[in-house]
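Subject: Structure for you to look at

Hello,

Here is the structure I promised to pass on. Please open it first, then read my notes below.

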Amino acid sequence: MRGWWREIAGLVLPVACGGCGRPRTELCPSCAAALTGAGEGPRRVRPSPEPAGLPVVHAVAPYADAVRALLLAHKERGALALARPLGRALAVAVEAAAGGTEGPAAAPLLLVPVPSSRRSVRARGHDPTRRIALAAAARLRGAGRPARVVPVLRQRRYVADQAGLGARGRLANLAGALEVVPGGGRLLGLGKVVLVDDLMTTGASLAEAARALGAVHRPFIPGIPHGLPGRPAQHGFEQRRAAVIASSPASFEINRNSSGTWIVAGGER
């Protein structure tokens, strides 16, 4: 109910840019450019330290300044109209994470959002990640790429507030916290799965989500290839793709050179 009131209020009350506060616009051109990575496009990001089991993650912008303000405005202050531009940004990251299509009969993209806790959803009046994921899927479909949101992950136990926790604390807090809902395995077998979230900081949430997907038995579905050429089909899901809108600035400093060595902020790894 609270979400409906926020949407109605957004139609009748004065608006300001969620990124910089510029009046009479929900998103100014400058902040819109920042949200798309200022023209640099989506890039692979890696937190340091990197949690075990983290899939390959692509992001479009560093979590700072206007981008940080936009995500917080949508998530915490109920600026629901920002879901559409945030969804556009996420769609760009999803395409980078998923790679190209394999012919006209390519499997659809299945966007699996990292779930928020029920108490967070109640407090905010909406589920920000799922809302953005729906906008991203709509954007992808509009561009001719089949996509849908498959919210098959749920929390199986209490999880403490992540704010204030470091990398180790977040890993311990989330270990074994997620599971796939009954019947979710069959849905996941119908396309190319991409884990999605609005933000990556330590990578703990995405690593736990990938673990939960990997723990699910993969059913046989006629017409859906499970294996790769020369490799047997897997019994479970090996989740290797994830996309977020923003990631910590330091994670963007990690690039790979032509020799295959990871360069981390000027040093080899």
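Start with helix α9, residues 204-214. Eight of its 11 residues are buried, so α9 is largely enclosed by the rest of the structure. The buried ones are Ala204, Leu206, Ala207, Glu208, Ala209, Ala210, Ala212 and Leu213.

Keep in mind that this is a predicted model. The mean pLDDT of the chain is 79, and 69% of the residues reach 70 or more. Strand β4 (residues 147-149) has the highest mean pLDDT, at 97. Strand β11 (residues 267-268) has the lowest, at 40.

Two stretches need care. The pLDDT is below 50 over residues 221-235, a stretch with 20 contacts in the model beyond near neighbours in sequence. It also stays under 50 over residues 256-269, where the model has 23 contacts beyond four places in sequence.

Now the overall picture. The chain has 269 residues, and 44% of them are buried. It holds nine helices and 11 strands. Take the contacts between residues at least 6 apart in sequence: 71% of these join residues at least 24 apart.

Next, the inside. In soluble globular proteins, nonpolar side chains tend to be buried together. Here the largest nonpolar core has 37 residues. Which of them touch the most other members? They are Leu90, Val94, Leu111, Val196, Ala243 and Ile245. Helix α4 (residues 83-98) gives the most to this core, with eight residues. Another core, of 25 residues, lies apart from it; Leu54, Val152, Leu206 and Val244 are among its members.

Val94 is then in contact with Leu109, Leu111, Leu140, Val194, Val196 and Ala243.

Last, a helix pair. α4 packs with helix α6 (residues 128-142) at an angle of about 65 degrees, and their axes are 7 Å apart. The two are therefore roughly perpendicular to each other. Their crossing is right-handed. On the α4 side, the residues that meet α6 are Ala83, Arg84, Leu86, Gly87, Arg88, Leu90, Ala91, Val94 and Glu95. On the α6 side they are Arg131, Ile132, Ala133, Ala135, Ala136, Arg139 and Leu140. Val94 and Leu140 are on these lists, and they are also in contact with each other.

Best wishes

Methods. Residues are numbered from 1 along each chain as its sequence is written. This is a predicted model: local features need pLDDT of at least 70, side-chain atom pairs count only at pLDDT 80 or more; totals for chains, interfaces and linings use all residues. Side-chain values use heavy atoms; hydrogens and water are left out. A nonpolar core is a set of buried Ala, Val, Leu, Ile, Met, Phe, Trp, Tyr and Cys residues joined through side-chain atoms within 4.5 Å. Buried means under 20% relative accessible area, exposed over 50%, partly exposed in between (1.4 Å probe, protein chains only). Helices (H or I, at least four residues) and strands (E, at least two) are DSSP runs, numbered from the N terminus. Contact means heavy atoms within 4.5 Å. pLDDT is the predictor's confidence in each residue, from 0 to 100. Axes are lines fitted to C-alpha atoms, for helices over the stretch in contact, and angles run from 0 to 180 degrees between N-to-C directions. Angles under 35 degrees count as roughly parallel, over 145 as roughly antiparallel, 65 to 115 as roughly perpendicular and the rest as oblique. A crossing is left-handed if the near helix is turned anticlockwise from the far one by less than a right angle, and right-handed if clockwise.
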